[in-house]
Amino acid sequence: MSKCRKLITTTALITVFGAVPALADTLGIGRLALPEEIAAWDIAVMPDGRGLPEGRGNVLDGEDYWIDQCAVCHGDFAEGAGAWPAIVGGRGSLTDDRPEKTVESYWPYLSTVWDYINRSMPFGAAQTLETDEVYAITAYILYSAGLVDDDFELSNENFTEIRLPNEGGFYLDDRAEAEFPEFTQDPCMSDCRDPVEISARATDIDVTPEFPVIRYSYSDGSAPAPAAAEEADEASVQPEEAPAEEAIQTASLDPALVAAGEAAWRQCRTCHQLGDGARNGTGPQLNDIFGQTAAHADGFRYSPAFTEAAEGGLVWNEETLDAFLENPAGLIPRNRMSFRGVRSEDERAALIAYLMSYSN
């Protein structure tokens, strides 16, 4: 390279790197975050109790909060519901073929439990729990795991006194020393196994929640064979008389409103199914709900609150559906539906129209 080219290159580099601070100075965007702003953003809780807000909650209150906010997915006693995970139990199962990663078997510190509940739960309404509610739910989990008595109260003052069973089951990451040498050897290029062929997806063998993913077919296009029990049930079911093609509600529905309701239905289908083959899941299937008494779906285990509402004569019509969709806990207090409701009146009307389109 000639001296001239070196000079040009050097000049260009000076121009480029020298220009960076100048650009940063002239943009004038942003400012340093205030300590108060960082503190408001930082909700992390550490094993030694750092980050814990002041508060307290006992087991009995925690049971109520659990029923309202958590049981629909994790069972009344944190044993899990459907394909949703158990929170307690499974102690000592980590070396089993199907280990359970519960609070008892896997989680190292109580701060992990508290932080996760505070940061991510309840499902669909994260960070809506009050501090004392998080303490109470955590206390109920500890009680369900047999780690505290039913009169226990958890607070920021006694938090670090709690020890989870697997606290000593973790060790520092030593993969750089223990595993890296194994992956830096010459690759083996002989005696290879037969090619692997994908025969089914995870959803085909029920290792993930059934909904919103619906099983249609295997990867090769074939349909999964029904279970023996399902075949027996189907054989015993007598063909039902086809419903009238022109149901009153369906005939009077605005197609555009129904279409809008179908779009809004996306927020519901995690728990509920509609249409042919709809089944109960985390929530009941909702075919033919319009005009029916509450808690009408066969085979679904409703909460006591829903059962009481049905016994009280609650019937799903436009008025009651609108009230429930706006505030589920307002119309039926202490029900297990962990959903805050639909604030938009138009969106509720669309959802009701969509539900009516599946009612006779």
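**Conventions.** I count residues from 1 along each chain as its sequence is written, and my side-chain values use heavy atoms, with hydrogens and water left out. As the model is predicted, local features need pLDDT of at least 70 and side-chain atom pairs count only at pLDDT 80 or more, while totals for chains, interfaces and linings use all residues.

**Overall.** I found 14 helices and two strands in the protein, taken as DSSP runs (helices H or I, at least four residues; strands E, at least two) and numbered from the N terminus. Of the 360 residues, 31% are buried, meaning under 20% relative accessible area with a 1.4 Å probe, protein chains only.

**Helices α5 and α6.** I looked up how α5 (residues 110-120) packs on α6 (residues 131-144), and found an angle of about 130° with the axes 10 Å apart; axes are lines fitted to C-alpha atoms over the stretch in contact, and angles run from 0 to 180 degrees between N-to-C directions. That makes α5 oblique to α6, the class left once angles under 35 degrees (roughly parallel), over 145 (roughly antiparallel) and 65 to 115 (roughly perpendicular) are set aside. The residues of this contact divide into nine nonpolar, three polar and no charged.

**Asn166.** I placed Asn166 in the loop between β2 (153-155) and α7 (175-178), where its 14% relative accessibility counts as buried. Leaving aside neighbours within four places in sequence, I noted contacts (heavy atoms within 4.5 Å) from Asn166 to Leu94, Glu104, Ser105, Tyr106, Trp107 and Pro108.

Note on methods
Nonpolar A, V, L, I, M, F, W, Y, C, P; charged D, E, K, R; others polar. Buried < 20%, exposed > 50% of the residue type's maximum accessible area, 1.4 Å probe, protein only.
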